[in-house]
Amino acid sequence: MAQNSDIAYVKYFKSLNDYNLKKSIMATERRGISHIQVSYNENDQSVLIEHISPSGFTADREALEYMDGKLIRKGSINHKNEYLDLVDFSESEPWSMEFINWWIQGNNTLSVDGQQTHFYIPDGKQVSKIQFETINGVKYGQVELDYDYLGFLKEERWRDLISGNVIRRFHYKFDVMSNVNQIWEYGRDGELISHMSLEMAPADQLYKVPPPRTGNTLSESEIIMKEIKEKRIIVPHGGIIPRTELDEIIFKSGQRMEVEFISLEEGGIQFKLSEAGDLLTVPKHRVESLTSRNGTVIYPEPIRNAKY
């Protein structure tokens, strides 16, 4: 949930460029034209940027959060003030810290100082992907999260975007009848690292300590990670990563292919034909659709800014 500071006043701008140049317009000048409406807190920091159409329709809304006078998060929000995507600039962001600690074992040539963490939350509730990017714009890693039809997290894949390989994987199995959650953890070579069963706590007792972002799905994921560290059981034998269906790409020529989707870039769609295969990129204009293994349409990208 986007946590905006109290709004102290509002300004209007003809464009984002004018907003950056601090060239505001009078409230009466905005009528009948597309414009930017910016809300400020008492510290003169912009906390909400809204794109308004000539008819008065709000097309996009972006929230910004600060700490000690410094911007730490920003992202698109819906009419319920739920983040649809979020960029976290803080150095102590827990997902990036954990990913770097694991990923750096196989790669120590890339500097991640000043990195950013991008959270993708298409429905405003469940995080579908977490992507890590250096200050120079190099996307070096991501965590992909798949859910079952009941909305429970069923698989979590940590991917090295430099090689395209999955370097860590968690498989979850929620038993609604027994109220038990089983978690399997696999390493970079597919070996089983740990397996444990957790009894699911009542909703009002889920958190041992107040989470940093109350009401946000990210907090629940952080608690799961903490539980894995505290209660993991080391097993003496190797394991097999549970097999899952691959993602499916359909070309405009009608050809269908099963692929391992990597990322959606400006230059095209990046994927691999197999876990050990080379990284391939195909221009978007050649692709009819791309669907994930759990049925989510990845491309064409869904239209998020529906009229409220």
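Mentor: Start with the elements: helices (H or I, at least four residues) and strands (E, at least two) are DSSP runs, numbered from the N terminus. On that basis the chain has three helices and 20 strands. This is a predicted model, where local features need pLDDT of at least 70, side-chain atom pairs count only at pLDDT 80 or more, and totals for chains, interfaces and linings use all residues. Residues are numbered from 1 along each chain as its sequence is written, and side-chain values use heavy atoms, with hydrogens and water left out.

Trainee: Why does serine 39 count as buried?

Mentor: Buried means under 20% relative accessible area, exposed over 50%, partly exposed in between (1.4 Å probe, protein chains only). Serine 39 has a relative accessible area of 3%, so it is buried. The residue lies in strand S3 (residues 35-40). Contact means heavy atoms within 4.5 Å. Leaving aside neighbours within four places in sequence, serine 39 is in contact with residues including Ile7, Tyr9, Val10 and Gln45.

Trainee: Why is serine 53 called buried?

Mentor: Its relative accessibility is 17%, so serine 53 counts as buried. Serine 53 sits in the loop between strand S4 (46-52) and strand S5 (58-67). Beyond four places in sequence, serine 53 is in contact with Ile33 and Ser34.

Trainee: And what makes serine 76 partly exposed?

Mentor: The value is 26% relative accessibility, so serine 76 counts as partly exposed. Serine 76 belongs to strand S6 (residues 70-76). With neighbours within four places set aside, contacts of serine 76 include Arg61, Glu62 and Tyr83.

Trainee: How do you know that helix H2 is largely enclosed by the rest of the structure?

Mentor: Count the buried residues. Seven of the 10 residues of helix H2 (residues 94-103) are buried, so the helix is largely enclosed. Among them are Trp95, Phe99, Trp102 and Trp103.

Trainee: What marks out lysine 22 in its backbone and its accessibility?

Mentor: Lysine 22 has a positive phi of about 60 degrees, although it is not a glycine. At 72% relative accessibility, lysine 22 counts as exposed. The residue is in the loop between helix H1 (16-20) and strand S2 (24-25).

Trainee: What about asparagine 81?

Mentor: Asparagine 81 has a positive phi of about 65 degrees and is not a glycine either. Its accessibility is 28%, so asparagine 81 counts as partly exposed. Look for asparagine 81 in the loop between S6 and strand S7 (85-88).

Trainee: Which peptide bond is cis?

Mentor: The one joining tyrosine 299 and proline 300, with omega about 0 degrees. Proline 300 lies in the segment after S20.

Trainee: What makes a set of grid points a pocket?

Mentor: On a 1 Å grid over the protein atoms alone, a cavity is a set of points where a 1.4 Å probe fits but cannot get out, and a pocket is an open set with protein on both sides within 12 Å along at least five of seven lines; lining residues have an atom within 4 Å of a point. Grid points are joined across faces, edges and corners, and a volume is the space filled by probe spheres set on the points. The largest pocket holds about 860 Å³. Of its 30 lining residues, the closest to the centre are Tyr120, Pro122, Ser128, Lys129 and Ile298. S10 gives the most to the lining, with five residues.
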